[in-house]
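User: Hi! Could you walk me through the aromatic contacts in this model?

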Amino acid sequence: MSLASCPLVLIGAGNMGGALLSGWLKRGVPGASIIVIDPRPSDTMMGLMSEAGATHLTEAPKNDTTAGILFLAVKPQLMDAVLPPLKPLIGPQTVVVSIAAGKTLAGIEAYLGKTAAIRAMPNTPAMVGRGVTGAYANETVSEPQRSLVETLLKVSGPVEWVATEADIDAVTALSGSGPAYVFYLVECMAEAGRKCGLPADLAMRLARETVAGAGELLHQSPDEASRLRKNVTSPGGTTAAALSVLMDDNGMQPLFDKAIAAAKKRAEELAV
């Protein structure tokens, strides 16, 4: 599948849509093949589109434009208002890609009709090219369409395909919301350090750099997370003392089990 005859139409150039657009252009997607529909893009996005030769519109085009890929990057609560005017952009070769949490493919097809469609769940590290995306494709998506969409999603990090649309709720709970859990871990570590006597600003710097560095080590190392943990843990040492608390029967695992189950349940409740 090629964008030569049918453009890539991006709906929404906010944080996530803007990150994807920037990645596409850096990876060589021709700006002339991209149409961005956003009523109020930032000055940065306007400059990026102008420099790349991408078309910017504030609303859906009124001509006979047919999208090759219709990429929905708007907030879930805006989808019901955004989708109806987009139906004329759908053609036999169009694939719709949604990154809106909670909006099911059935909910999208209620406005756009039956079409090849993919639900994707990236996370916010996509803004620095270090995200991960879970994706589900319906049975209408062809292999060339899936391959092209995967290439576009990979500009922000790896893509993991799931077997059922329901799995996207678990992806949302684990990796979609996951960066917030890591940020909160930094807050908790810093607060614990402060309570041990460190100045609050120093404790935060130490916690922040420790988590960032551990994440980079995890990214670069071929070892499993459990192996990296064991490498740090000397028998009878300080790390072992801390892990005896964190790995207790009432420690982190049951807490994360409950937290991610709660997020998954909420994702299921929001599905429309």
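Predicted model: local features only at pLDDT ≥ 70, side-chain atom pairs only at ≥ 80, totals over all residues.

User: Is Phe71 buried or exposed, and what is its relative accessible area?

Analyst: Residues are numbered from 1 along each chain as its sequence is written, and side-chain values use heavy atoms, with hydrogens and water left out. Buried means under 20% relative accessible area, exposed over 50%, and partly exposed in between (1.4 Å probe, protein chains only). Phe71 is therefore buried, at 0%.

User: How many aromatic pairs are there?

Analyst: Rings of Phe, Tyr and Trp (its six-membered ring) pair if their centres lie within 6.5 Å; planes under 30 degrees apart are stacked, over 60 edge-to-face, and the rest tilted. By that rule the count is two.

User: What is the geometry of the rings of Trp24 and Phe71?

Analyst: Their centres are 5.2 Å apart. The planes meet at 65°, so the pair is edge-to-face.

User: Which is the geometry class of the pair Tyr181 and Phe256?

Analyst: The ring centres of Tyr181 and Phe256 are 6.2 Å apart. Tyr181 is partly exposed at 22%, and Phe256 is partly exposed at 32%. With planes at 70°, the pair counts as edge-to-face.

User: Which residue lies over the face of Trp161?

Analyst: A charge sits over a ring if NZ of Lys or CZ of Arg is within 6 Å of the ring centre and within 35 degrees of the ring normal. At 4.1 Å from the ring centre of Trp161, the residue is Arg146.
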